[in-house]
Amino acid sequence: MKINRTTQALAASVLGLTLAGAGLAGPAAAADDPGTGSGIDVSVNITPTTTPGQLSMTVADNTGVSLQENGSDAAARQFTGTLPTVTVTDT
């Protein structure tokens with residue numbers, strides 16, 4: 001079978017249009033598909049607050065923090081020890 005330039009150009013154009021159409025229809029078709037209905041609704045209604053809130057952080061009583069270098073190497077330094085309890089409150 002002998003293929004001339006016109007046939008090659010026509011085949012390339014058809015292939016290009018097919019690929020372009022698949023690229024445009026693929027994601028849109030997937031987004032429009034409702035699926036099996038087993039999804040989870042993530043809609044949320046949040047009522048705005050009318051009074052200002054407060055963000056606070058407290059650190060439990062402690063005698064200080066002592067960390068010991070343990071397991072460090074050329075790529076990272078690593079320390080072990082005990083940190084006090086930290087409480088964050090957001091009202």
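Tutor: Let us begin with the accessible surface, which comes from the Shrake-Rupley method with a 1.4 Å probe. For the chain in this predicted model, the accessible surface comes to about 8,500 Å². Carbon and sulfur atoms account for 59% of that surface.

Student: What share of the residues in the chain is buried?

Tutor: Buried means under 20% relative accessible area. Of the 91 residues in the chain, 0% are buried.

Student: Which pattern does the chain follow along the sequence?

Tutor: The secondary structure comprises 1 helix and 4 strands. Their order along the sequence is α-β-β-β-β.

Student: Let us turn to a single residue. Where is Leu 67 found, and which residues does Leu 67 touch?

Tutor: Leu 67 is found in the loop between strand S1 (55-59) and strand S2 (68-69). Setting aside residues up to four places away in sequence, Leu 67 touches Phe 79, Thr 80, Gly 81, Thr 82 and Leu 83. For one of these, Gly 81, the C-alpha to C-alpha distance from Leu 67 is 4.7 Å, although the two are 14 residues apart in sequence.

Student: Leu 83 was among the residues touched by Leu 67. Is Leu 83 buried or exposed?

Tutor: Exposed means over 50% relative accessible area. Leu 83 has 60% relative accessibility and therefore counts as exposed. Leu 83 is found in the loop between strand S3 (79-80) and S4. Apart from neighbours within four places in sequence, Leu 83 is in contact with Val 65 and Leu 67.

Student: What contacts does Ser 66 make?

Tutor: Ser 66 has its place in the loop between S1 and S2. Leaving out neighbours within four places in sequence, Ser 66 is in contact with Thr 80 and Gly 81. From Ser 66 to Thr 80 the C-alpha distance is 8.6 Å, at a sequence separation of 14 residues. The side chain of Ser 66 also makes a polar contact with the side chain of Gln 68, at 2.9 Å.

Student: Which residues make the nonpolar surface patch?

Tutor: The nonpolar patch, of about 520 Å², is made by Leu 55, Met 57, Val 59, Val 86 and Val 88. The elements that give two or more residues to the patch are S1 and strand S4 (86-90). The largest share, 3 residues, comes from S1. Val 59 lies in strand S1, and Val 59 counts as partly exposed because its relative accessible area is 48%.

Student: Finally, which side chains meet in a salt bridge?

Tutor: Side chains of opposite charge can pair when their charged atoms come close. In this chain the count comes to 1 salt bridge. The side chains of Glu 69 and Arg 77 meet in it, at 3.0 Å from N to O. Glu 69 is partly exposed, because its relative accessibility is 45%. Arg 77, at 60% relative accessibility, counts as exposed.

Key:
Residues are numbered from 1 along each chain as its sequence is written. This is a predicted model: local features need pLDDT of at least 70, side-chain atom pairs count only at pLDDT 80 or more; totals for chains, interfaces and linings use all residues. Side-chain values use heavy atoms; hydrogens and water are left out. Buried means under 20% relative accessible area, exposed over 50%, partly exposed in between (1.4 Å probe, protein chains only). Contact means heavy atoms within 4.5 Å. Patches are made of residues with over 30% relative accessible area and no salt bridge: like charges are joined within 9 Å, nonpolar side chains (Val, Leu, Ile, Met, Phe, Trp, Tyr) within 5 Å. A salt bridge is a side-chain nitrogen of Lys or Arg within 4 Å of a carboxyl oxygen of Asp or Glu. A polar contact is a pair of N or O atoms within 3.5 Å; within protein, one must be able to donate a hydrogen and the other to accept it, and residues adjacent in sequence count only if both atoms are side-chain atoms.
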